[in-house]
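This report describes a predicted model. It takes up the core, the helices and the salt bridges in turn.

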Amino acid sequence: MSALESVTLTIPRSAVSDVRSLTGALLDRMHELLERNTEGTLTEVERESLETLVQMAQFGQLIASALDAQAEAAEAR
């Protein structure tokens, strides 16, 4: 896939706030795993969980950024 191709996601408005960021519990777990990763004490399963949480957080940031850009464009009109 080319870097210039776009993807359109349809997310129900009721779910947008849930997609933008991790829940407090998931964020706490990610931070715990990040600390243990720094210490070098993660199991393989925990390492996979950490990677999944990081990917989820990054996806949320992309969604938040797209929504912010959309809101700015709407305000500019």
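Which residues make up the largest nonpolar core?

## Nonpolar core

The largest nonpolar core consists of six residues: Leu22, Met30, Leu33, Leu42, Leu50 and Leu53. Helices α2 and α3 each contribute at least two residues to this core.

Met30 is in contact with Leu22, Leu50, Leu53, Val54 and Ala57, when neighbours within four places in sequence are left aside.

## Helix α3

Helix α3 covers residues 44-76. At 1.5 Å a residue, its 33 residues should span 48 Å, and the end C-alpha atoms are 48 Å apart, which agrees.

The buried residues of α3 are Glu46, Leu50, Leu53, Gly60, Ile63 and Ala64. Their cover includes α1 (13-20) and α2 (24-39). Asp18 belongs to helix α1 and is exposed, because its relative accessible area of 61% lies over the 50% cut-off.

## Surface patch

Phe59 is also a residue of helix α3. Its relative accessibility is 38%, so Phe59 counts as partly exposed. Together with Val7 and Leu9, Phe59 makes a nonpolar surface patch of about 290 Å².

## Salt bridges

How many salt bridges does a search of the whole structure find? The search finds four. One of them joins Asp68 and Arg20, whose closest N and O atoms are 3.3 Å apart. Asp68 lies in helix α3 and Arg20 in helix α1, so this pair ties together parts that are 48 residues apart in sequence. Both partners are partly exposed: Asp68 has a relative accessibility of 37%, and Arg20 has a relative accessible area of 31%.

Two further salt bridges lie within single helices. Glu32 pairs with Arg29, with the closest N and O atoms 3.0 Å apart; both are in helix α2, three residues apart, about one turn of the helix. Glu32 is partly exposed at 37% relative accessibility, as is Arg29 with a relative accessible area of 30%. In helix α3, the side chains of Arg47 and Glu44 meet at 3.9 Å, N to O, and these two residues are likewise three residues apart, about one turn of the helix. Arg47 counts as partly exposed, at 38% relative accessibility. An α-helix has 3.6 residues a turn, so residues three or four places apart point the same way.

How values were computed:
Residues numbered from 1 in each chain as written. Predicted model: local features only at pLDDT ≥ 70, side-chain atom pairs only at ≥ 80, totals over all residues. Heavy atoms only, no water. Helix = DSSP H or I, 4+ residues; strand = E, 2+ residues; numbered from the N terminus. Expected span 1.5 Å × (residues − 1). Buried < 20%, exposed > 50% of the residue type's maximum accessible area, 1.4 Å probe, protein only. Contact = heavy atoms within 4.5 Å. Patch = residues over 30% accessible without salt bridge, like charges linked within 9 Å, V, L, I, M, F, W, Y side chains within 5 Å. Areas by Shrake-Rupley, 256 points an atom, 1.4 Å probe, with all protein chains shown as cover. Core = buried A, V, L, I, M, F, W, Y, C linked by side-chain atoms within 4.5 Å.
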